[in-house]
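This briefing covers selected local features of the structure below, grouped by topic.

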Amino acid sequence: MNADAVVLDIDGVLVDVADSYRRAILESVESVYDRTIRKDDIQLFKDAGGFNNDWELTDAAALYVLATEEGYDESLEAFTDAIAEEGGGLEAAESAVRDRIGARATQRVTERWDREQLRDVFQQLYLGAELYRGLEGGEPDRETRGFIHDEPIILEAETRDRLLAEYDVGVLTGRPEAEAEIALERVGLEDAISLEHRFTMDDWEEGKPHPRALTTLAERFDAERVVFVGDTLDDVRTATNAADADSEREYHGVGVLTGGLTGEEGRRKYEAEDAAAVLESVNEVPDLLEDA
């Protein structure tokens with residue numbers, strides 16, 4: 001697995017978001033609808049695919065909660081299986097609800113489904129009052145510190161320096177640009193990775209696992225062999241789709257076990273998606289590539 005360029009996801013790879021983004025998903029739904037899903041349920045949506053955007057995952061979780069009040073009687077696991085069968089993502093979630101409870105009940109659900117409010121609550125919880133004022137440009141309803149400050153750094157300084165010294169390094173993330181910059185600054189990569197070598201939510205509409213962002217980064221690096229390190233099955237699928245879309249280059253998806261996929265079960269799921277390698281963390285990447 002030789003590489004010219006290494007592209008890194010942020011969440012679950014560079015920083016741990018278990019008590020930030022994932023906590024915000026749960027508490028946003030709870031705040032708006034007085035019910036929510038379990039923390040472990042978040043991974044079911046991630047595995048179903050199409051939920052690299054945590055705002056949309058929050059929407060889907062709220063949709064499930066509301067649908068169960070209108071006669072949806074399937075388990076959340078069955079719900080996410082139905083989403084996966086429809087190709088993943090929020091539209092598939094809406095389709096799964098409509099197919100199960102019918103048009104009238106679905107209309108009642110969607111009338112209560114306030115995606116704008118969910119997003120606003122999410123940002124207030126995640127950013128905290130001070131950052132919310134600066135990034136969202138509004139006045140928050142609550143004075144909170146913000147879950148963004150509860151993101152332990154995963155990327156070690158030695159790993160960062162080795163990657164920067166030996167490879168072209170890029171970033172591909174579902175975070176909005178401003179939130180990506182905060183994380184990159186914390187891990188010491190903000191000045192090391194130019195804007196043209198980053199893709200954030202603001203730079204492309206398709207989202208993972210669409211390959212465009214990864215193939216574009218490969219072109220910008222003029223790289224023949226690209227390794228993409230991520231923490232979800234959609235990250236691995238992004239590399240696989242890039243290989244299918246761009247036969248002139250090699251793309252390898254590497255999964256790490258520091259996100260929602262952990263332990264042997266996580267390893268098996270990555271391997272089922274033909275991950276090129278499964279590592280305990282991003283800090284094993286330099287040795288992996290050195291030994292290749």
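Proline 209 sits in the loop that connects β3 (198–199) with α9 (212–221). The model is predicted. The peptide bond leading from lysine 208 into proline 209 is cis, and its omega is near 10°. Most peptide bonds are trans, and most residues other than glycine have a negative phi.

**Positive phi outside glycine**
- Aspartate 222, which is not a glycine, has a positive phi of about 55°.
- The loop between α9 and β4 holds aspartate 222.
- Aspartate 222 counts as exposed because its relative accessibility is 64%, where the cut-off for exposed is over 50%.
- Aspartate 274 is not a glycine either, and has a positive phi of about 60°.
- Aspartate 274 lies in the loop between α11 (263–272) and β6 (277–279).
- With a relative accessible area of 64%, aspartate 274 is exposed.

**Strand β4 and its partners**
- Of the 6 residues in strand β4 (residues 225–230), 5 are buried, so the strand is mostly covered.
- Strand β1 (residues 5–8) runs parallel to β4, and 4 bridges join them.
- In this pairing, alanine 5 is opposite valine 226 of β4.
- Strand β5 (residues 250–256) also pairs with β4 in the parallel sense, over 6 bridges.
- Here valine 226 is opposite tyrosine 251 of β5.

**Negative surface patch**
- Glu77, Asp81, Glu85, Glu86 and Asp99 form a negative surface patch.
- Helix α4 (residues 76–85) contributes the largest share of the patch, 3 residues.
- Aspartate 81 belongs to helix α4.
- Aspartate 81 counts as partly exposed because its relative accessibility is 40%.

Key: Residues numbered from 1 in each chain as written. Predicted model: local features only at pLDDT ≥ 70, side-chain atom pairs only at ≥ 80, totals over all residues. Heavy atoms only, no water. Patch = residues over 30% accessible without salt bridge, like charges linked within 9 Å, V, L, I, M, F, W, Y side chains within 5 Å. Areas by Shrake-Rupley, 256 points an atom, 1.4 Å probe, with all protein chains shown as cover. Salt bridge = Lys/Arg side-chain N within 4 Å of Asp/Glu carboxyl O. Lys, Arg positive; Asp, Glu negative; His and termini not counted. Charge placed at Lys NZ, Arg CZ, Asp CG, Glu CD. Helix = DSSP H or I, 4+ residues; strand = E, 2+ residues; numbered from the N terminus. Buried < 20%, exposed > 50% of the residue type's maximum accessible area, 1.4 Å probe, protein only. Pairing = 2+ DSSP bridges.
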